[in-house]
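Try each one before reading its solution.

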Amino acid sequence: MISFGPVPSRRLGKSLGINNISSGKVCSYSCVYCQVGITKEFRITRGKFYNPDIIFDEVQRHLKSILEKDMPDYLTFVANGEPTLDINLGKSIEKLKAINIPIAVITNGTLLRETDVRNELQLADWVSIKVDANSEQTWKLINKPIADLSFNRHVEGLLQFASEYRGKLVTETMLVKGINDNPEILNQTSDLVKQISPSLAYLSIPTRPPAISGIKVPAEPAINEAFQIFSNKGLNIELLLGFEGTDTGFTGNVIEDILNICAVHPIREDTMMELLFKDKADIHVLNSLIRDKLIKKVCYQSNTFYIRQLNV
Ligand code: SF4
């Protein structure tokens, strides 16, 4: 249940996901648009999850089971929660470097206040940090942080990391209608992104079922305005508005493939059908996973997705 995919990534090509947070979601945020549901276990202090040897063995086993053409461009820590909460993240990255595939970490940045976390992320080739807001009010609305986190300390951590990191640093700003998509807020947010000075600033929209129903994608003019506001700050922008595609890697074990991907990544219906086909399975497998309440079917923006059903 640690590695999954490779899944097509809008940022990283083919990405073999590593979910280093065991069991249910553990995060310092409960973002309104989170695709793995609301946070039930809030945490800002690091703890032990998987042993790095187990992560390494699982990734190696996974890579051996996929076709040469599906070999990933990146091994990506993208967890069922916040990957830097794992106190062994640095050790895991160190071990995985022996595989010779670049390593990426997608983080919400809330632990970058800690020297150890910043030093461990130095080992990664590519780091994405989340920057959805630059005011305490909007930050609380969109990211719903754990209570004992201070916005100012959080921003200090982001800037400290940005000044130290030597790999490829990108930011990702999720635009949510009515929360962070008005010009005044976008101006504030782009100021912070400018200070971070990423090599690329991604602007994205929720494309998968969000944690909170009623979360909407901004209208096209608002997305365009966001692009202009960020561009006017001299930032290198890329919009992530589309679907990644259905070309998911497979291991031959359809149940593992579905459950591992679904834990961090809702699977769209067309991708699911392709995965079943590649794994030589049929719709009965899917129906039995739904019947056993391991996954569930949800509808978002006229598309059907399958997401992991936890705590049943
Ligand atoms: S989107 Fe990421 S940071 Fe936000 S709640 Fe979900 S897992 Fe945590």
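**Exercise 1.** Find which residues Arg 46 is in contact with, leaving aside its neighbours within four places in sequence.

*Solution.* Step one: count as contact any heavy atoms within 4.5 Å. Step two: list the partners of Arg 46, which are Thr 84, Leu 85, Asp 86, Ile 87, Leu 89, Leu 111, Glu 114, Asp 116, Val 117 and Glu 120. Step three: look for polar contacts, that is, pairs of N or O atoms within 3.5 Å, where within protein one must be able to donate a hydrogen and the other to accept it, and residues adjacent in sequence count only if both atoms are side-chain atoms. The Arg 46 side chain reaches the backbone oxygen of Thr 84 at 2.8 Å, and that of Asp 86 at 2.8 Å.

A word on the source: this is a predicted model, in which local features need pLDDT of at least 70 and side-chain atom pairs count only at pLDDT 80 or more, while totals for chains, interfaces and linings use all residues. Residues are numbered from 1 along each chain as its sequence is written, and side-chain values use heavy atoms, with hydrogens and water left out.

**Exercise 2.** Decide whether Arg 46 is buried or exposed.

*Solution.* Buried means under 20% relative accessible area, exposed over 50%, and partly exposed in between (1.4 Å probe, protein chains only). Arg 46 has a relative accessible area of 15%, so this residue is buried.
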